Every structure is written in structure tokens, then in C-alpha cells.
Amino acid sequence: MRSFCLLLLTLLTCAQASAQNAVTQTAPARQDPALAKHVASEFLKEVTSSLPGEVRIQIADLDTRQNLAACDELRAFMPPGAKTIGKTNVGLRCSAPKNWQIYLGAQIQVFTEYLVAAHPLTAGQTVTLADISKVRGDISVLPSGYMLSEEQASGKTMGTSIQAGTPLRADQLRNAIVIQQGQAVRIQAGGNGFRITTDGQALNNAADGQTARAKLNNGQTVSGIARAGGIIEIAY
């Protein structure tokens, strides 16, 4: 009887081991979280390679509870509307042996020099190089429209007042006025094979590139593009 019990116990143990081995052999491989994160990181490095300064990328870990099947060829992509700076998302897509798609949270920081006001600036003030300073920091936390080079701000006028150290933004600045209302202007009109130049009087203030109106000596009113030197260009 004892021998029979031992034999039965041995058979049961072998059966359980065989069942476990069968499950192990048939269970599909799961996606390696470290590999998924590496693919996403390398992709974002390529996407941000043209950004100025030092780029730092942080990517959230893959949620292993998703239990994704291992992918033969894992590809990363930017979701529609995703930003390439600041808080964003990066997608991972698999097509074989099973189709799946996930998104990982990411943070892209960019450390470089940007423009700030060297001292308080007032609305209407024309910005010169003496009014500008550069500081180094993470531009991903700045409001949109930040400026990186002095040429973007020098010669323009402030549309609002700001304190010293405030980052300069494109929406705070206006192109310098090149035509003043009432001044004498030179109207240059041209088209296919002809060019006419005449004199007039400006009817409004206009910055370079804005629309300016002028009254000609014969009383006619015309509109064109304001240019430096008191010139209004009209193209036909």
C-alpha cells in the first residue's frame, strides 16, 4: 500500500511539472520595459537634435500592468499635436507579432541663453542693445514667443512695460514706426515692365511692412506697404 501511495504521489508531481512546463512554453514573451523606454528615448533625441542648447529628456516608465506582447520591430512616433519641448507624449507602435499602441509621458528640457530686459522697459520705448541681457535657463518653462538673439528685439518698440529680468517675447514688441502721419513720403508703384515714383503725404503711422495710406498731390488717396526712409511701395 505504501509503495502504491509513493507511486501515485510521484505521478501527480510529474503531471504538475509537465503542466507548468507546458504553460511556460506556450506563454507569449512580454515586452521588455527597458527596451521600450530606450526606443522612445532614442527617437526623442533625434526629434530634438535641432533644438538650441543642451537638451535633457525624461521618459516615464512603461506600465507593466498592460502586459504587452514582445514586439519584433518597435517604432516610436509623435502623436498629433504633441510638443517637442516641455511636457509631452511619445507613442510606441507594434505591428508584429501582435498589434498594439501605447503612449509614454515625457519631459523635454532645453537649456540655452535667452533675452531678458536689462532694466525696466516702458511701452513705446525703442529697444537698443543696451536694454537687452542674456541669461541661461530652461526655455521649456518660458511663455511662447521667447527670443534667443538680439537681432529679434533691437530696433523694435515696446508694446507694454516690463520689469528688469523679464523674458522678452515677440508679442511684447512692435516694429519701429517708419512713417509718421503727416510726413512727406515717396510713393513707388511698379508692376510688369513699369515703375512710377511720385510724392505724397502720409495719412497714418505705419511700421515697416504695415499698410500705409498717403494722399497724392492731385488729391488721390493710395495704399501700400511702409518701408524705411519714408517710402510706400505699391505693387500691381
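These are my notebook entries on a predicted model of one protein chain.

**Overview**

I began with the whole chain. I found two helices and 14 strands in its secondary structure. The chain has 236 residues, and 31% of them count as buried. I looked up the accessible surface next: it comes to about 14,400 Å², and 51% of that belongs to carbon and sulfur atoms. Residues 24 or more positions apart account for 52% of them.

**Helix α2**

I turned to helix α2, residues 33–47. At 1.5 Å a residue, its 15 residues should span 21 Å. I found the end C-alpha atoms 21 Å apart, which agrees. At the start of α2, a side-chain oxygen of Asp 32 comes within 3.1 Å of the backbone nitrogen of Ala 34.

Which residues of α2 are buried? I listed Ala 36, Val 39, Ala 40, Ser 41 and Leu 44. Their cover includes strands β1, β2, β3 and β4.

I then looked at charged side chains in α2. Lys 45 and Glu 42 meet in a salt bridge, at 3.3 Å from N to O. They are three residues apart in the helix, so about one helical turn separates them. Lys 45 is partly exposed at 47% relative accessible area, and Glu 42 is partly exposed at 38%.

**Other salt bridges**

I searched the whole structure and found 11 salt bridges. Glu 54 pairs with Arg 56, with the closest N and O atoms 3.0 Å apart. I noted that Glu 54, Arg 56 and Arg 136 are linked in a network of salt bridges. Glu 54 is partly exposed, with a relative accessible area of 36%. Arg 56 is partly exposed too, with 39%.

Arg 186 and Asp 199 form another salt bridge, 2.4 Å from N to O. Arg 186 lies in strand β9 and Asp 199 in strand β10, so this pair ties together parts 13 residues apart in sequence. Arg 186 is partly exposed at 37%, and Asp 199 is partly exposed at 35%.

**Ala 206**

Is Ala 206 buried or exposed? I found it buried, with a relative accessible area of 0%. Ala 206 sits in strand β11, residues 206–207. Leaving out residues up to four places away in sequence, Ala 206 touches Ile 177, Val 178, Ile 179, Thr 211, Ala 212 and Ala 226. I also checked Asn 175: it is 31 residues from Ala 206 in sequence, and their C-alpha atoms are 9.0 Å apart.

**Surface patch**

Phe 194, Ile 196 and Tyr 236 make a nonpolar patch of about 360 Å². Ile 196 belongs to strand β10, residues 194–202.

Note on methods: Residues numbered from 1 in each chain as written. Predicted model: local features only at pLDDT ≥ 70, side-chain atom pairs only at ≥ 80, totals over all residues. Heavy atoms only, no water. Helix = DSSP H or I, 4+ residues; strand = E, 2+ residues; numbered from the N terminus. Expected span 1.5 Å × (residues − 1). Buried < 20%, exposed > 50% of the residue type's maximum accessible area, 1.4 Å probe, protein only. Contact = heavy atoms within 4.5 Å. Polar contact = N/O pair within 3.5 Å; in protein donor to acceptor, adjacent residues only side chain to side chain. Patch = residues over 30% accessible without salt bridge, like charges linked within 9 Å, V, L, I, M, F, W, Y side chains within 5 Å. Areas by Shrake-Rupley, 256 points an atom, 1.4 Å probe, with all protein chains shown as cover. Salt bridge = Lys/Arg side-chain N within 4 Å of Asp/Glu carboxyl O.
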